[in-house]
Amino acid sequence: MDVERKERLKTSRSYQLMQKVALYMDQYYLDGFAGLVPGGMGDMATSLFAVVHVYFCMFQLRSIPLTLAVLNNVLRDVLMGMLPFFVG
C-alpha cells in the first residue's frame, strides 16, 4: 500500500470515528459495562458500534476477507455475551 493511500485513509472521517469508538469502548471499558446488561441487550447494543468498522473495511479498504473477519468477531461477541443468559 502506498504512503499516499495510507494518509488518505487515516484522514478519512470513518477512520477518525472508528478510532473514537475504539477509544471509548476499550479504554474506558464501556464495552464491558454494557455487557452487564442482562439478556444480551448490552452486547447487541455495542455491536451497533461495529458498523463503523464494517463500513471502513468494506468501502474504504475494499477488503471482503477483512470485512467477513470483522463480522465474525462481532457475531461471536454477541453470541458469547448471550451465553450466560441462556445457560444460567
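Within helix α5, the residues V52, V54, F56 and C57 are buried, where buried stands for under 20% relative accessible area, exposed for over 50% and partly exposed for what lies in between (1.4 Å probe, protein chains only). The model is a predicted one, in which local features need pLDDT of at least 70, side-chain atom pairs count only at pLDDT 80 or more, and totals for chains, interfaces and linings use all residues. Residues are numbered from 1 along each chain as its sequence is written, and side-chain values use heavy atoms, with hydrogens and water left out.

The protein holds six helices and zero strands, and its elements run α-α-α-α-α-α from the N terminus on. Helices (H or I, at least four residues) and strands (E, at least two) are DSSP runs, numbered from the N terminus. The C-alpha trace spans about 50 × 25 × 15 Å along its principal axes. Of the 88 residues in the protein, 26% are buried.

A pair of aromatic rings is described by the distance of the centres and the angle of the planes. Here, rings of Phe, Tyr and Trp (its six-membered ring) pair if their centres lie within 6.5 Å; planes under 30 degrees apart count as stacked, over 60 as edge-to-face and the rest as tilted. The count by this rule is three aromatic pairs. One of them joins Y24 and Y28, and this pair is tilted because the ring centres are 5.6 Å apart and the planes stand at 35°. Y55 and F59 form a tilted pair too, with 5.2 Å centre to centre and 45° between the planes. Since Y55 and F59 are four residues apart in helix α5 (residues 51-60), about one helical turn separates them. Y55 is partly exposed at 39% relative accessibility, and F59 is partly exposed at 47%. After α5 comes R62, with a positive phi near 55°.

Back at the other pair, Y24 is partly exposed with a relative accessible area of 43%, and Y28 is partly exposed at 46%. Y28 sits in the loop between α2 and α3.

L30 has its place in helix α3 and is partly exposed at 40% relative accessibility.

The largest pocket contains about 370 Å³ of space. Its lining has 19 residues, with T46, F49, A50, H53 and V74 nearest the centre. The elements that give two or more residues to the lining are α2, α4 (41-47), α5 and α6 (64-87). On a 1 Å grid over the protein atoms alone, a pocket is an open set of points where a 1.4 Å probe fits, with protein on both sides within 12 Å along at least five of seven lines, and lining residues have an atom within 4 Å of a point.

Note on methods:
Points joined across faces, edges and corners; volume = space filled by probe spheres on them.
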